[in-house]
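User: I am new to reading protein models. Can we go through one and test each label against its definition?

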Amino acid sequence: MVSFATPLQLGPLLLKNRVIMSSLTRDRNRVPGPLQVEYYTQRAGAGLILTEGTLIEPLGAEWSNAPGIYSDEQVAGWKKVVDSVHNHNGRIFLQLWHIGRVAHPLLQDGRPNVAPSAIAAKGGKFRQLEGTPGYVTPVAIENPEHYVALYKRAAERAKEAGFDGVELHAANGYLPHQFIDNTSNQRTDQWGGSAENRCRFPLRIIDEIASVYGNDRVGIKLSPGGGYNDMGMTEKNTVETYGYLIKELNARRIAYIQIARYWALGDPVKRGTPVDIFQWRGLIDSSHTKFFVNTEYNSEDGTKALQDGSADAVVFGRFYISNPDLAERLINNQELNTNFNVKGFYGGNAEGYTDYPTYEQQHKAQ
């Protein structure tokens, strides 16, 4: 019977278990340094680490210290992280991130924030700016291929740093998601309108980053239910759009498709559409493309999803903040540490970042 401990063949890589570390923005360092080396190395027990969202160009995000992959210095910083994870028998993919319309021009030297269409997202809180303004109206992108090329260059840099693969962040209301969703994309050219046209942008990126890494070292993250960052279509449009997109991704035989469940806490204004992510399970052929599930999973839910074959691996976020040895705890059925230092989630130094104990350390101390 499949369990967390069962190895998983992911393209050419054999993952030692089916516990995946989710991408988690921690807002610590634009250029990864010794603290990031320690943080990721502590979590190298995961079958696969997905790095925090990593910007493909300088952008005015709500998180001023989110890392990037657009400079030589950043590549060198990430290389140290990757080398250390590899030395501890770990695997690590870089998550490629462009935030599009949810950037603020005042935090990117006055350059406008961009999107498929000039439609602002509701919400946002830029704490770095006086009066903590929210999101502003973006400028419509003239030539999406310019951004496709940026993603390809970022994948090339990730390869230079030695990453095992890359994941396209096409969820949570960031740039690829803004193209997919018909509420943020109202273009009338080949990049908007039909599901096929709206999915053109993420699929073009997948094709270009796969030309760098090979299809079987590329993954994607999707959040069909929307909600976060003012995203969400009708249920009919969601089912049609993601049905088309997932079929196309599966045909490309990419390493995996990660789908996040609708998360009510991330959608305070109830903007999204709660949809059953397992309706698309039958479109994904696990002989070549694995299905990863994410959002609000615990040991029990994750075990069930693996045992009944509804998922090939389970992605954990917040539990990986407070349990550096989460994979070992899940495999050994040990109690999880739920004592979160919430103040340390975003920004700061080691506190609430690299100072969480392993199960062994926790129980030695008691």
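Analyst: Start with a definition. A salt bridge is a side-chain nitrogen of Lys or Arg within 4 Å of a carboxyl oxygen of Asp or Glu. Keep in mind that this is a predicted model.

User: What makes the contact of Glu 156 and Arg 153 a salt bridge?

Analyst: Set the value against the cut-off. The N to O distance between their side chains is 3.3 Å. The limit is 4 Å, so the pair qualifies. Side chains of opposite charge can pair when their charged atoms come close.

User: Where do Glu 156 and Arg 153 lie?

Analyst: Both belong to helix α3, residues 144–161. They are three residues apart, about one turn of the helix.

User: Why is Glu 156 called partly exposed?

Analyst: Its relative accessibility is 31%. Buried needs under 20% and exposed needs over 50%, so Glu 156 falls in between.

User: How many salt bridges does the structure hold?

Analyst: The structure holds 17. One of them links Glu 208 and Arg 204, with the closest N and O atoms 3.3 Å apart. These two residues are four apart in helix α6 (residues 200–213), which means about one helical turn separates them. Salt bridges with shared partners also join Glu 145, Lys 152, Arg 204 and Glu 208 into one network.

User: Turn to helix α8. Which of its residues are buried?

Analyst: In α8, residues 299–307, the buried residues include Gly 302, Ala 305 and Leu 306. They span an arc of only 95° around the axis, so they sit on the same side of α8. Glu 300 and Lys 304, on the other side, are exposed. Strand β12 (313–316) is part of what covers the buried residues of α8.

User: What makes Asn 298 a cap of α8?

Analyst: A side-chain oxygen of Asn 298 lies 3.1 Å from the backbone nitrogen of Glu 300, at the N-terminal end of α8. A polar contact needs N or O atoms within 3.5 Å, so this pair passes. After α8 comes Gly 309, with a positive phi near 80°.

User: Why is strand β11 called largely enclosed?

Analyst: Count its buried residues. Five of the five residues of β11 (residues 290–294) are buried, so the rest of the structure largely encloses the strand. Both faces are covered. Lys 290, Phe 292 and Asn 294 are buried on one side, and Phe 291 and Val 293 on the other. In a regular strand the side chains alternate between the two faces of the sheet.

User: How do you know that β11 pairs with β10 and with β12?

Analyst: Count bridges. Pairing needs at least two. Strand β10 (residues 256–260) joins β11 by five bridges, and the two run parallel. β11 and β12 share three bridges, also in the parallel sense. Both counts reach the cut-off, so both pairs qualify. Phe 292 stands opposite Gln 258, and its bridge partner in β12 is Ala 313.

Methods
Residues are numbered from 1 along each chain as its sequence is written. This is a predicted model: local features need pLDDT of at least 70, side-chain atom pairs count only at pLDDT 80 or more; totals for chains, interfaces and linings use all residues. Side-chain values use heavy atoms; hydrogens and water are left out. Buried means under 20% relative accessible area, exposed over 50%, partly exposed in between (1.4 Å probe, protein chains only). The arc is that of the directions from the helix axis to the C-beta atoms. Contact means heavy atoms within 4.5 Å. A polar contact is a pair of N or O atoms within 3.5 Å; within protein, one must be able to donate a hydrogen and the other to accept it, and residues adjacent in sequence count only if both atoms are side-chain atoms.
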